[in-house]
Amino acid sequence: MPPIVRKILVSLTGGGIAYLLTNATAQPQSITLILSSFVGGTLLMVQFLVDFERRLLSVEGALVNGLAGVSEASRQMRQLRSSRLDAATVTRLLNQTAEVGQNGPAVMYAFLEQEIRRLAELIRELPAGEAAYDGEDRDWLLSLTAVAVGSIDATSAAADSEFWDSELGLRYLALQGEAVRRGVTVRRVFILDSEDPAALREVEQVCRQQAEAGIVVRVMRSSGLAASSRVDPMFDFIVFDQTLSYEVSSARALDQGGRLAIANTRLVVRPERVERRIRRFEELWNAASPPAR
């Protein structure tokens with residue numbers, strides 16, 4: 001039943017009851033009609049007032065919630081402006097996320113959500129000191145190389161010619177060359193754990209490629225390290241701008257003939273750990289020597 005019809009029926013019922021009561025007391029007909037009309041009209045007015053108050057409270061609640069949302073959004077924008085992140089870039093991400101349509105395939109939306117969750121996890125973890133990724137994350141490596149402004153100090157436990165000839169290796173080398181041209185100092189130490197002359201020749205070939213890109217390279221054998229220096233097994237790491245360490249951990253891949261494969265990748269910004277990597281690199285650098293030409 002529509003609300004207005006229900007209100008009218010309630011008013012008519014109340015007016016009818018008032019008419020019957022006043023008529024039963026032998027009141028003049030005029031008094032009976034006036035009282036019944038007054039009661040019916042009053043009931044109708046009360047119903048409208050109750051309905052109006054209910055709607056007013058609903059609007060007030062919505063307004064309070066809306067203002068709370070605006071206040072929270074304003075607080076977040078103030079925090080974003082005080083952050084060192086570019087506010088325009090973050091705002092563009094939010095706007096583009098909000099503008100994602102409804103007509104794409106389900107797998108596309110699932111993929112976008114997964115990438116957003118991954119980015120959110122990185123934003124949560126890295127400012128706390130460390131972020132990790134299972135396997136090799138090429139985007140971190142390439143992005144860090146592209147944004148470095150001061151120095152890139154890298155080590156490599158082996159001269160993996162297959163890596164440097166791969167699409168990732170070539171892009172990484174090209175970005176390092178661009179970094180050198182904008183004034184970034186790029187140094188790399190290749191560490192050999194083999195006395196095989198063929199391995200040394202392979203290193204020297206890779207070193208020539210690196211030198212052509214403006215990278216300063218040195219080579220050393222792990223056997224040349226002092227015994228005390230072998231306590232720290234970490235060889236594969238890159239220190240960006242003396243403040244962030246990109247580290248990879250390797251494991252033997254049984255399905256690849258026992259070759260080393262990257263098990264996980266870590267980004268570290270904890271000052272004490274980055275400082276250890278800086279000291280480690282300088283130790284390796286000083287123990288190494290320029291490759292034969």
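This is a dialogue about reading some features of a predicted model.

Visitor: Which side chain makes a polar contact with the side chain of aspartate 137?

Guide: A polar contact is a pair of N or O atoms within 3.5 Å. The side chain of aspartate 137 makes such a contact with the side chain of arginine 118, at 2.8 Å, and a polar atom of the aspartate 137 side chain also lies 3.0 Å from the backbone nitrogen of aspartate 139.

Visitor: How do I read a pair of aromatic rings, and what kind of pair do phenylalanine 281 and tryptophan 285 form?

Guide: Planes under 30 degrees apart count as stacked and those over 60 as edge-to-face. The structure holds five aromatic pairs; one of them, tyrosine 133 with tryptophan 140, is edge-to-face, with 6.0 Å centre to centre and 65° between the planes. The rings of phenylalanine 281 and tryptophan 285, by contrast, have their planes at 25° and their centres 5.8 Å apart, so that pair is stacked.

Visitor: Where do phenylalanine 281 and tryptophan 285 lie?

Guide: Both are in helix α9 (residues 271–287), and because they are four residues apart there, about one helical turn separates them. Phenylalanine 281 and tryptophan 285 are both buried, and the charged end of arginine 187 sits over the ring of tryptophan 285, 5.0 Å from its centre.

How values were computed:
Residues numbered from 1 in each chain as written. Predicted model: local features only at pLDDT ≥ 70, side-chain atom pairs only at ≥ 80, totals over all residues. Heavy atoms only, no water. Polar contact = N/O pair within 3.5 Å; in protein donor to acceptor, adjacent residues only side chain to side chain. Phe/Tyr/Trp six-rings, centres within 6.5 Å; stacked < 30°, edge-to-face > 60°. Helix = DSSP H or I, 4+ residues; strand = E, 2+ residues; numbered from the N terminus. Buried < 20%, exposed > 50% of the residue type's maximum accessible area, 1.4 Å probe, protein only. Lys NZ or Arg CZ within 6 Å of the ring centre and 35° of its normal.
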